[in-house]
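Morning, everyone. Let me put the structure on the screen, and then I'll walk through its charged pairs, its domains and its chain contacts.

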Amino acid sequence: MARIVGIDLGTTNSLIAYMHDQAPRVIAGRNGRTLVPSVVAMMDNSLIVGDPAKEHLVRNPERTIYSVKRFMGKGLEDVAEELKYFPYRLTEQGGVIRIQIGEKTYSPPQISAMILKELKHRAEAHFGEDISKAVITVPAYFNDSQRQATKDAGTIAGLEVLRIINEPTAASLAYGLQEHTQGTIAVYDLGGGTFDISILKLKDGIFEVLATNGNTHLGGDDFDRRVADVIIQELREQHRFDPEQHPDTMQSIRLEAERTKVRLSEDQKAMLTIELPSETGQYRREFTRDQLEALTRDLVEQTLGPCRQALNDADLQPSDIDEVILVGGSTRMPLVRQRIQELFGTIPHCELNPDEVVALGAAVQADILSGATQDLLLLDVTPLSLGIETMGGVVSPLIRRNTTIPASAKELFTTYVDGQTSVDIHVLQGERELAKDTRSLARFQLKVPPLPAGVPRVEVMFLIDANGILNVTAKDVRTGQVQSIEVKPSYGLSDEEVERMISESFKFAAEDLKARQLIEARTEAEAIHKATQKALSLGGHLINAEEKAAIQESLATLETARTGEDHRVIRARIADVEKATHHLAEVLMDTTLKEALQNKKLTEIF
Amino acid sequence: MEPAQRTASKRTEVQMARSMCWHCQSEVTGEYFCQQCVKVQPLSKELDYFTCLGLPRLLTIDTARLEAKFYELSRTFHPDFFQNKTESEQGISLGNSALLNMAYRTLKDPIRRAEYLLQLEAGSAKDIRTPPPADLFEEILALQEDLEEFRSASSQQEATSLGQLRTKLQADQASLEQRQKDMEARLFELFMKWDSFQDRTGQDDRLRAEKDPVLKEMREILSNRTYLRSIVDDLVATTG
């Protein structure tokens, strides 16, 4: 079977991992970093993803997309309150948010697909083979639409998504395998944009989720905004400067707020500086950890309610929890750790890197699906109750939250009017009693034969699969005939739209490739330029003048090529520099070796 | 709270949907897989949850044994282990897992287990509403009045009367919860009584005559308990 990779598609950062010799490993990029910032910059003729895209956050705020995960499976009204924080324009079409960049619009799954492709390329470069199958993680509290949107993103990126698994459960897999964790555990996962709590029982290789809860709109981003809001207000009051009119300054504020928050996890105070547009000068301010905690205490408190609810649903007391595991970068905050410790009465664990543990777990799940191991098995639950709308807008529940998946429920439908030929069904997800208070998932129409009222009997099977995604089938009880159902998602892309986006992504693939090759060549050119300069300053005196001049000239030509648009030319000039410095490298090697051996007795060397 | 398993049962073979393999048409002799072509077989839709999880049809069950069987069958049927198989086999794995999960969820919880057994024995318990006993009914009527008063007091922000009412409601809640506990204790007594019938063989009519009142009382308690629960939930939601 082809290789399956595990992907953590995060709000702030994304990672890709695989299984090597029964241990999961994260793949690092050329720059040695394992995290790929979930940032996409869309310039006129190039698409930039990850670390290089981060530079564009301030330079090209209107064209640089971050935190797109917050929009997955959502409509515009869902994010109305936070619109002001985003420098790019958002619209809506067919219940799906669209991000406007110049003349074009992109759906959140399309943007996520760009990040997935970057990860895919990273893995392909690592293995030297095509990668087409993946396990992708999502927050446990993601609803059906958000899961489907994630699956769509994989499809658009040319990945067959074999499984969507929950982030906290993935983390527990990594802990179970690497740290041999056993017993009843709680996984507290506070990421960049989402919060999850999952209670699991780990026994003999079975990872049984007992309950899960969370908030898909609460994470590190919200903590940053509290700090940013203070800065924005002070700029207005003290500097008579409205940053909301300057998208680039807003981005600087956001990034500085985040950096300050991160620093305050280590230090008691941190200095923050923001360069304002010309003539307005500079803004400087010191934040203390106490101030940060006062600003964000209620956010931390907001995570404790779901923790108590999950414990309650699992029929457990805090003291029943043997271990608490921390996942997500935001759990580095001392206040978060303190409150968790107070709630559960135990010191939380974080042996595995909280940024990487989810991707590692995804790789373990990928390994299980490949058939490589039968030792481990994850039994997850559906986070939200599933129901249908009945008379008077009341929800009739079909599958309760925290039911182990796969889960199914059957419901019999009939007609109220003679000769009625169809029945409308509205599927909902949520815990409230009235349809208007829950999340609309989908609508579909059942076809029934024209018969007297109450005579037709159509059995509808609602099945939540192992991905936590709903499948619907219907059968006429009298004839036994199975009916195919076209479900129209309330907040999702249609199959045709996904198809179109796939073909579009192929069209752009050639351009994408050219753009990334150029970026890579430029980065390498820069690196070799630096290295050569250093070598010249160290060993310039060891070679003759002509040779030195030849090296200088090759460097100058490389510089010219680097500003061009053709990656092949840059590669050729890089080769030239390498040739010109070949001798210098040898000489340097010799002298370093001699220096190393100088003043040493033979006995110290051999 | 689960009394230990008392009755040893003889091992019941799990029923398959049909005795012929859906794939190779040979007779299925293995438990879950065809011995000829090694394809997984669909569990019968008529399979009752007790049989599915290899337990005797009793109300007091060995929860450790239940869990072990659930884990064992999960390892047999879970879709994770059918990723490389055909679409038909994946479909069967999905259906079997969903049935297994439902069976486990139902039997794990003593109340759901009892409701399920009643349904097996004498049709659904949920559809039949028995009126609550008179004393409980009166208590709940008084409580509803207090709740109304509390709601109007809290909307008018009357701090003193609000405090008094809260104390009163909290006392009511404690008394109702005690009632619920008493009901559950009685229910578990009935569980034991019911299970003791299963050991006996004898005159069918006489056994039936003894069984029916137990079934009836269990149904009444389950119905009242559901009613009580919704009242307590309402109370908790209002007083916070």
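**Salt bridges, domains and an interface**

Start with two residues, A:Lys69 and A:Glu167. Both are buried. Keep in mind that this is a predicted model. The two side chains form a salt bridge, at 2.9 Å from N to O. Where do A:Lys69 and A:Glu167 lie in chain A? A:Lys69 is in the loop between strand S7 (64-66) and strand S8 (89-93), and A:Glu167 is in helix H5 (residues 167-178). The pair therefore ties together parts that are 98 residues apart in sequence.

Next pair: A:Glu234 and A:Arg285. Their side chains meet in a salt bridge too, at 3.0 Å, N to O. Helix H6 (residues 220-239) of chain A holds A:Glu234, and strand S17 (residues 282-288) of chain A holds A:Arg285, so this bridge ties together parts 51 residues apart in sequence. Buried or exposed, A:Glu234 and A:Arg285? Both are buried.

The salt bridge here is 2.6 Å, N to O. It links distant parts of the chain, with A:Glu524 in helix H11 (residues 495-539) and A:Arg571 in helix H13 (residues 567-580) of chain A, 47 residues apart. As for accessibility, A:Glu524 has a relative value of 28%, so it counts as partly exposed. A:Arg571 has a relative accessible area of 31%, so it is partly exposed as well.

Charged side chains also form a network. A:Arg70, A:Glu82, A:Asp221, A:Asp222 and A:Arg225 are linked in it by salt bridges. Over all chains, how many salt bridges does the structure hold? The total is 44.

Now stay with strand S17 for a moment. A:Gln282 lies in that strand of chain A. Its relative accessibility is 38%, so it counts as partly exposed. Which residues does A:Gln282 touch, leaving aside neighbours within four places in sequence? They are A:His239, A:Thr273, A:Ile274, A:Glu275 and A:Leu276. With A:Glu275 there is a side-chain polar contact of 2.7 Å. A:Arg240 is 42 residues from A:Gln282 in sequence, and the C-alpha to C-alpha separation is 13 Å.

On to domains. Chain A is divided into four pieces: domain 1 (4-219 + 297-379), domain 2 (220-296), domain 3 (384-493) and domain 4 (502-597). How far apart are the centres of domain 2 and domain 3 of chain A? Taken over C-alpha atoms, 49 Å separate them.

Last topic: chain A against chain B. In contact are 34 residues of chain A and 20 residues of chain B. The buried area between the two chains is about 2100 Å², and carbon and sulfur atoms give 53% of it. Polar contacts join 11 residue pairs across the two chains, both residues at pLDDT 80 or more. Which elements of chain A give two or more residues to the side that touches chain B? Among them are strand S12 (160-166), strand S14 (195-203), strand S15 (206-215) and helix H10 (357-369). Strand S24 (407-413) is another of them. By class, that side of chain A has 14 nonpolar, 10 polar and 10 charged residues.

Between chain A and chain B the count is 3 salt bridges. A salt bridge joins the side chains of A:Arg163 and B:Asp80, at 2.3 Å from N to O.

That's the tour. Over to you.

How values were computed: Residues numbered from 1 in each chain as written. Chains lettered and ligands numbered in written order. Predicted model: local features only at pLDDT ≥ 70, side-chain atom pairs only at ≥ 80, totals over all residues. Heavy atoms only, no water. Salt bridge = Lys/Arg side-chain N within 4 Å of Asp/Glu carboxyl O. Helix = DSSP H or I, 4+ residues; strand = E, 2+ residues; numbered from the N terminus. Buried < 20%, exposed > 50% of the residue type's maximum accessible area, 1.4 Å probe, protein only. Domains from an automatic or database assignment. Contact = heavy atoms within 4.5 Å. Buried area = accessible area lost by both parts, 1.4 Å probe. Polar contact = N/O pair within 3.5 Å; in protein donor to acceptor, adjacent residues only side chain to side chain. Nonpolar A, V, L, I, M, F, W, Y, C, P; charged D, E, K, R; others polar.
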